[in-house]
Amino acid sequence: MKITIDGQKYEAQYGEYILDVARRNNIFIPTLCHLEALPGQGNCRLCIVEVLEGKRRRVVVSCSYPVKGEIEVLTNSERIRKMRKNIVRLLAAAAPDSDFMKELQKEYGLQGEERFQVTRGEDCILCGLCVRACEELGIYAISTVNRGITKKVSTPFTEPSEVCIGCGACAYVCPTGSIKVKEEGGKREIWGKTFALLPCPSCGKYFITREELEYVQAKTGLAPEKILCEKCRQEQAGRKMGDVFKDIAMK
Amino acid sequence: MVFFKRKPVKTVLVCCGTGCLANNSLEVYEGLKKRIEGAGVRARIRPVTKATGCNGLCERGPIVKIQPDDIFYCGVKAADVDEIFERSVLNDEIITRLLYRDTSTGERVKSHRETEFYKRQYKIALRNIGEIDPASIDDYMERDGYRALKKVLTSMSPQEVMAEIEKSGLRGRGGAGFPTGVKWKQCERVEALPKYVVCNGDEGDPGAFMDRSIMEGDPHSVIEGMLICAYAIGAEKGFIYIRDEYALAIKNMTTALEEARKRGFLGQNILQKGLNFDIEIVRGGGAFVCGESTALMASIEGRVGEPRVKYIRSVERGLWDKPTVLNNVETWANVPVIINRGAQWFRSIGTEGSPGTKVFSLVGKVKNTGLIEVPMGITLREIIFSIGGGIPRGREFKAVQTGGPSGGCIPKELLDLPVDFDSLTESGSMMGSGGMIVMDDTTCMVEVARYYLQFLAEESCGKCVPCREGIKQMLGILEDICAGRGREGDIDLLLDIGATLQEASLCGLGKTAPNPVLSTIRYFREEYEEHIRNKYCPAGVCKELTEFYIDIDACRGCGLCEQKCPVGAISGERRRTYTIDGTKCIKCGQCREACRFGAIKNRGRRHEDNH
Amino acid sequence: MPAGSIQEGLSQAKEIIGKYPREQRFLLAALQDIQKEYNYLPREALALVQEHFAVPLSRLYSMATFYKALALKPKGKFVIKVCDGTACHIRGSTLLVEELQRLLKIGPGETTPDGKFSMETVNCLGSCAIAPVMVINDQYYGRVTTAAVGKILEDLEAKE
């Protein structure tokens, strides 16, 4: 079916999310708590758009609104921009030192905050990606705790988690750099727990915790010497691709 | 043979709702029961003692009713038991001193039906409350209980049931007012199985307690309503989600479910008509947000009660992603009556757009507080002044709050507003579950807005940004205003952020969260401005912006204020006059509450500039 | 605590958990029952729940901190709940909290060092008609005044 986004018609599948249709067609809608691998949480509300359906006109989050009819979508109307600006302002007060938020502030013409209470030192905007990532891996070391304005992300009892493997996936997906990872002298510290790092079998650089290595082994069945650091993995993949091209060229 | 006209058996009904229990009604109940049972041999008649659910007039509890004469005693104490037994149970005398004194006429009336409080009411959802023993299924059945179930099972098709409910125009009593019949039809149409029927008994609006009273006082009406829906949509399993704090409601509902199972109203092949349905109770975990349907379902599933994005509705994908009908307690209690008496009859009550009645808990600064059930379309004025008897201590009406934290404050200019779903929404408030909190001139509207946001700051699930961060910042600004740190531009900022919350929040809690702020700004903007510009709280509530003094012209020197002052800030001489020591005063307002001459006044902090 | 007494103390928790099928939907009910039994959720009991329902500790911790009916710290022998619903609020519930604070030297959410009293403010208890309301271990007190607060506490002390 066809839907209209900002005046242009686009092809969409029944049940497809507006955001996916937009992204496919290079229409930019800002998102924060949305990643290809961890989609549709609907927490940050940055991806709001206006949907016009018959006489109804409403604001929805594009990451989780399924296309079910021939709707018209406005991704950047004045109304939306005004609300998004407010959301950015609210987020910026919670994560004032994050580069990501500074960029957004600039984009929405926001200057230094004067009226809101600004919380420094945390920079967490509770987008939920870290918890989702940890759960997707099947580790369940962290979760949201409390509710309302005291909600935060934490390990149980704010103690070093027994099950954490120190993989750092939570920090990797965090858009505001709020999860602190310290790495030095072959050690990694995250969520108050310190892990010994093992070297890459190829280049010798420390890159993985023993717990994570065991986890990857169990998941993939790879021998430890085949588990490489990201750089070496990419190089290896590059070499393989090179071989493939060579093969083609030979023929 | 001579037939003696036998005197009808007397029934002594002792209210054992939470309100009366707090006033020791259990002692009264036990006392009367002991006397009646003890005297069984010599008494010609054997009265029945019943512990009933709430009569609504909780403020005057404990309440004892004696049928069939319809004698209504209130404020009964254990010490009155003997006298009641001797005079009104064994004999037919009336004890005048225990009768209810009407607030409008000042006269003692024999039956509660004669009082202004009850006269204008029309009971459907509360039809049995206070009249039956909630633990007795026979009591319920004597008053047409389970007749509607029999009717639908023997003579109506599921389609006919849904058509009847739709035709009645019944709208969800939980607050949003969605047409109940339409909801059932939407769910019935979905092909997936199993289907679920859920009762929302997680009454969380501060100031509302109708659902508690129904579950405590007439649990079978809820069960019967759910059974009828189960038959209509083809569900086999139901859940009643009850607030954990409602101990008595959980107890009475549990008993009712057991009784219903014993009589074959729940279980397999109900009434031999092939219907299979059973109900389980789930205790709430103490989270206001669980009143939101998707959060409630998450909680039933054993998870944290966070709402989910609701672009696919619960009738399609609800509990465990299966089609689910969720209605609130009061809605369910209406269903059997509609089936018994017909949609036509139901439509004859209330208004075109909102047929039937609504239960309200009328509380706050009003003479008669309690539960009332009135036809939709009645005006606020009638409720507050005729039923509620007006404002106590001769103070002035200021606003009425409806809809709890999702609602707003309605000012006196709108007192003639008819009460129905649509007019309340138009006024910037909402029906909500039916809390109606009356406020007088000693209630500060800015502080009320601050109070609700404080509530929501704790009760928001904290998942989505506009709700969590928006409430936090709005609360901060309101706290500033109440403490004298308000700034120019604050009001517009509150309006701006509030509008974003209304549109961009994930669930109903966030979308309605700004209502208390927006409605008070709409109707009481000057009060905000007084706080911000003049650092003055006209109601004398915000402590930083209040300074009480005694108006020497009005003061009669009775000394009551001095007695009431908890910190000894008031001194003076009897029959002359008193003064308040501003350095000691903690601005609790107890002196003002106590003064019968209106001599305690508030000049705020602004006088400091003037003098 | 010596190991023996932990085991002994946990027998009730074991019994409670054993009553429930190993399905997630009974998780909240089981936690509530443990809360009722111990007045809080002991960590050892949480471990049992974790095992029985095969649910990660992080999820349990999330629930325990989300729902107000659950607590991770022991509460006092008498749990004083001051209703701060709207009706109670405009009829002076904050004054009751202040009075309790003055008398018990603890704030809302705290417990006296001797473990006797805990104070909490709660949202509407549905007894608005007799506002302001206090509930102490399921006993309701209606139309409470600041003067009555001291008397109520004295009575409780006497009951000891």
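Predicted model: local features only at pLDDT ≥ 70, side-chain atom pairs only at ≥ 80, totals over all residues.
First, some ground rules. Residues are numbered from 1 along each chain as its sequence is written, with chains lettered from A and ligands numbered from 1 in the order in which they are written.

## Chain B and its two partners

Here are the two interfaces in one table. Contact means heavy atoms within 4.5 Å. Buried area is the accessible area (1.4 Å probe) that two parts lose on being put together, summed over both.

| Interface | Residues in contact | Buried area | Share from carbon and sulfur |
|---|---|---|---|
| Chain A and chain B | 36 residues from chain A, 36 residues from chain B | about 3,200 Å² | 53% |
| Chain C and chain B | 37 residues from chain C, 55 residues from chain B | about 3,600 Å² | 52% |

Let's take chain A against chain B. R115(A), R147(A) and I149(A) supply 24% of the area that chain A buries there, more than any other three residues. R147(A) also has a salt bridge to E459(B), with the closest N and O atoms 3.0 Å apart. The term salt bridge stands for a side-chain nitrogen of Lys or Arg within 4 Å of a carboxyl oxygen of Asp or Glu. By that rule, the interface of chain A and chain B has five salt bridges. There are also 20 residue pairs in polar contact across it, both residues being at pLDDT 80 or more. A polar contact is a pair of N or O atoms within 3.5 Å; within protein, one must be able to donate a hydrogen and the other to accept it, and residues adjacent in sequence count only if both atoms are side-chain atoms.

On the chain A side, β4 (56-61) and α2 (78-94) each supply at least two of the residues that touch chain B. The largest share, ten residues, comes from α2(A). Helices (H or I, at least four residues) and strands (E, at least two) are DSSP runs, numbered from the N terminus. Sorted by type, this side of chain A has 17 nonpolar, nine polar and ten charged residues. In that sorting, Ala, Val, Leu, Ile, Met, Phe, Trp, Tyr, Cys and Pro count as nonpolar, Asp, Glu, Lys and Arg as charged, and the others, Gly among them, as polar.

Now for chain C against chain B. Four salt bridges are counted between these chains, and one of them joins the side chains of K36(C) and D244(B) (3.6 Å, N to O). Residue pairs in polar contact number 21 across this interface, both residues at pLDDT 80 or more. Among the elements of chain C, α3 (27-38), α5 (57-66), α6 (86-90) and α7 (93-104) each give at least two residues to the side that touches chain B. α3(C) gives the largest share, six residues. That side of chain C divides into 18 nonpolar, eleven polar and eight charged residues.

## Chain C on its own

Chain C has eight helices and five strands, in the order α-α-α-α-α-β-α-α-β-β-β-β-α along the sequence. Its C-alpha atoms fill a box of roughly 50 × 35 × 25 Å along the principal axes. The peptide bond from A131(C) to P132(C) is cis, with omega near -10 degrees, and P132(C) sits in the loop between β3 (117-122) and β4 (134-136) of chain C.

The whole structure has 64 salt bridges over all chains. In chain B, the side chains of R97(B) and E83(B) meet in a salt bridge at 2.6 Å, N to O. R97(B) lies in the loop between α3 (81-90) and β5 (100-101) of chain B and E83(B) in helix α3 of chain B, so the pair ties together parts that are 14 residues apart in sequence.

Chain B has a cis peptide bond from Q67(B) to P68(B), with omega near 5 degrees; P68(B) is in the loop between β3 (64-67) and β4 (71-73) of chain B.

Definitions and conventions: Heavy atoms only, no water.
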